[in-house]
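Hello,

Here is the structure I said I would pass on. Please open it first and keep it beside you while you read the notes below.

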2 protein chains.
Amino acid sequence: MEEAMTRRRARGGGGAARRAERSAVVIETAKYIERNIPNFEVLNEEALEIIEANAETVLAEIGVNFVNNPAALERWRAAGAEVEDERVRIPRGLARKLCSTAPGQFTQHARNPAKSVVVGGRNLVLAPVYGPPFVRDAQGGRRYATMADFEKFVKLAYMSKWLHHSGGTVCEPTDIPVNKRHLDMLMAHMTLSDKPFMGSVTAPERAQDSVEMCEILFGKEFVRDNTVMTSLININSPMTFDDIMMGALEVYAASNQACIISPFIVGGAMAPVSVAGTLTQVLAEVLAGVAYSQLVRPGAPVIFGAFVSSIDMNSGAPTFGTPEASLVTYGAGQLARRLGLPFRSAGSFCGSKLPDAQAAYETANSLNMGLLSGVNFMLHACGWLEGGLVADFEKFVMDADQLGVLHGLAKGVPVDAEHQAMGAIREVGPGGHYLGCAHTQANFKSAFWKSELLDYKPFETWEEEGARDTYALASSRVDKLMDAYQQPTLDPDIAAALAAYVAEKKASMPDAFM
Amino acid sequence: MEEAMTRRRARGGGGAARRAERSAVVIETAKYIERNIPNFEVLNEEALEIIEANAETVLAEIGVNFVNNPAALERWRAAGAEVEDERVRIPRGLARKLCSTAPGQFTQHARNPAKSVVVGGRNLVLAPVYGPPFVRDAQGGRRYATMADFEKFVKLAYMSKWLHHSGGTVCEPTDIPVNKRHLDMLMAHMTLSDKPFMGSVTAPERAQDSVEMCEILFGKEFVRDNTVMTSLININSPMTFDDIMMGALEVYAASNQACIISPFIVGGAMAPVSVAGTLTQVLAEVLAGVAYSQLVRPGAPVIFGAFVSSIDMNSGAPTFGTPEASLVTYGAGQLARRLGLPFRSAGSFCGSKLPDAQAAYETANSLNMGLLSGVNFMLHACGWLEGGLVADFEKFVMDADQLGVLHGLAKGVPVDAEHQAMGAIREVGPGGHYLGCAHTQANFKSAFWKSELLDYKPFETWEEEGARDTYALASSRVDKLMDAYQQPTLDPDIAAALAAYVAEKKASMPDAFM
């Protein structure tokens, strides 16, 4: 009977050594995930063809708007689109043809070459939450984010084994003027971490600053020839490309730096309430955005993005971890692969105000779906709370721990002789147990994913130790990681040059808070 | 930018009527899930063939034990197996051949015919937690389960829209003698609910009592000709079939009642530490168990079961929601389909002591995997806590709410003209919004899965209302459901006959507490 389980628990032996090994903080970064499992595909060929044909109809008959951007309109006109005021109607097939010059995968270099990532193919690169104006933790509650919070998140991301990427605006440092904070954020990613990172997109000149700081960090020639940033370009769904985002895209594409071109969808508000309708619009938008990037510079690296949530029709609030968002994401992954582009979607999405069970259900729904839908770049992979308004410290380490589950799943099922384990089955036989057998001894260390956070202790021990829930365990893990943080080394000349660049830039303009 | 989301929230309109509609408790049972999505398959043809060949080797060369069961040994000998003491070695191909008489799907009838379920094919039937000796809730904490707790769970399962099945031992009513509690448990399922249920497996004579009570409820002839119970027969992995479980199986199979034949695996303890090795052993065990059911009665309905957890090698504790358990389950689903048998696995599994974030991550990992692995019968679909030692009231309604997500996902992506939504995309156009458009108005009620529990309110409202976490929301949902519970009607003659049977049975034997 299943209730008999814990009575059958057995001790693994060598407990003291293992406990010591376990309690040490290990700073180690896993390689980006290389999937050895299939993608999950919800759309059949007929459905894919209908959606693709409809997306072409949207582009040709309805069109998209490029706002306040005469140069973009001129590029489209020259490429053969029909331009009327700010509306761009793209003849069938043209956008897809333009997209064909975008690479199927690209390497984003980190200053530590061991942490460079390959985006595309069967890979999955994990990056932390992006954009929240608030932070939350157990001690301080919910409050506006500051630069100190930002730096703490960069350090936690650096310490996380399962994050491959330092991200971008992990929270908005609201204590720094809007027109200068990108400089401090980039400085933090460049000096507090050695993982790859994202550039600023809030103004074209800030994107240019991002490129120039990378030229200091990596060398001018290296940046000319290589991708060292992946930045987030949102489309204002439905079908609107604003001049700020496009201005940043133009800077990055011209510099051969990567952009995620990403519709931003709350289903039922910015897209139709149906999955097929949403997919049609998403595809049309990405086709137009990626095609435009290739008009700026053929061959510029881009990612097919899809930020998808659904809506609570009672309150109008966006909802996360829902089946409809999952279905859209599975379908969008298929459409991206048919376009031959890397795919960005999913994340630690949740609507909950606290890192509680709701947050965890919603997040786990999205993370699992993200892995199986073939996502290549997962922004927001940890730390997201309250519909993206809050970056939460405890949830950051809770989610980051779960990212280990994705690494384990992606391994698939090896069936070589060692994994077939026929010797072990023979050795143990009916009624025996496997704890001590040779095969277990040889393989147990790598056989199972091991949480660095979750509680597996016997009830009595757990109770004696304070009956701590996940939130409390996560709080102490945040502290432990921060205590153990050590800054990665950086050539002092480069560090000084970066600091001088930032100081000079800041001195060159008055503070702006809008 | 994504942080702009909540600023773009909009009101759906008609709020008062919708709020009223929403706050009423609706007693409604969804039809069992009919998947309109593919299964997720981690094993390729080569891997499947290796595992199947190895399972035959296990049966032929190592064999399985049938303990204290001379009649079973005799059946095996007559069928052509080699029997030595209690060890049964089954020649290659024999077990698979015997399994071929088991039906690929069967109907389990409920006393309310609208709630009968079809187990097998592309269907998924959801049943609650099974077996915990303890219960927990916010008011009373963790304590031994009683019959009152049992009845409360049966009522909550009856009230849940997404549970298709009333389950079996939703918790162990430890205040009732061991040899009599099955009578009270069956009485509760039969009278407090009208959903299908499970029979007793703790002794062959209790299985016989279960059949006799069903004969009163459904009529003798109906039970002879139809399946009215699905019961859980665990295999003592590795490869041991004990006389109590087999005794119950023999009663049910002979009566044409369904059994789940289910290895009980803590990976690394009861099976090898590798996924492929575990799958080999699981397949061998199920082949032997199902074959035996068909020796008892060819055509008896059975389910290929796989209860799978992994192990924390530090403490020896079973762990849940892990990648290794998911990979085993995905693979086991493929093996079950190749055998042509319905498949049971997954559930609201977690190791956490509380219904906190850990519990929810682990549970969501398992529920999602259960849907995609093609599970046909999911026992433990809600309410499981602390490695199955505890049935938790709050977690019961939290998990039950998430089962709605599985229903939504299983719908897949319809691409008929209405779902293509081209009219809506045309109507709204670039820069518009979909909240008021005709397509949204016509479809919003059914477009999105709607939680009955989770919080989507604006932060300020949520804070004013007490800043409740999921646990607190679940507590009040439990109370609300219990307040609204109304017993389904039952023919008073049948109710009286059942009561008389139970009274007579109880009077016929002394209390036993072991």
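Strands β18(A) and β19(A), the latter covering residues 390–392 of chain A, run antiparallel and are joined by two bridges. Within this pair, Trp384(A) stands opposite Ala391(A) of β19(A). Bear in mind that the model is predicted.

Both strands belong to an open sheet of four strands in chain A, in the order β9-β8-β19-β18, and the pairing in it is mixed. At the edges lie β9 (141–144) and β18 (384–385) of chain A, each of which pairs on one side only. Helix α5 of chain A, residues 147–159, packs on the sheet and touches β8 (134–137), β9 and β19 of that chain. The direction of α5(A) makes about 65 degrees with that of β8(A). As background, strands of a sheet pair through backbone hydrogen bonds, either parallel or antiparallel.

Now the interface. Chain B and chain A each bring 142 residues to the contact. The area buried between them is about 12,200 Å², and carbon and sulfur atoms give 66% of it.

Four salt bridges are counted between chain B and chain A. One of them links Asp455(B) to Lys353(A), with the closest N and O atoms 2.6 Å apart.

On the side of chain B that touches chain A, helix α12 of chain B (residues 357–372) gives the most, with ten residues. That side of chain B divides into 68 nonpolar, 46 polar and 28 charged residues.

Regards

Terms used. Residues are numbered from 1 along each chain as its sequence is written. Chains are lettered from A and ligands numbered from 1 in the order in which they are written. This is a predicted model: local features need pLDDT of at least 70, side-chain atom pairs count only at pLDDT 80 or more; totals for chains, interfaces and linings use all residues. Side-chain values use heavy atoms; hydrogens and water are left out. Two strands pair if DSSP finds at least two bridges between them. Contact means heavy atoms within 4.5 Å. Axes are lines fitted to C-alpha atoms, for helices over the stretch in contact, and angles run from 0 to 180 degrees between N-to-C directions. Buried area is the accessible area (1.4 Å probe) that two parts lose on being put together, summed over both. A salt bridge is a side-chain nitrogen of Lys or Arg within 4 Å of a carboxyl oxygen of Asp or Glu. Ala, Val, Leu, Ile, Met, Phe, Trp, Tyr, Cys and Pro count as nonpolar, Asp, Glu, Lys and Arg as charged, and the others, Gly among them, as polar.
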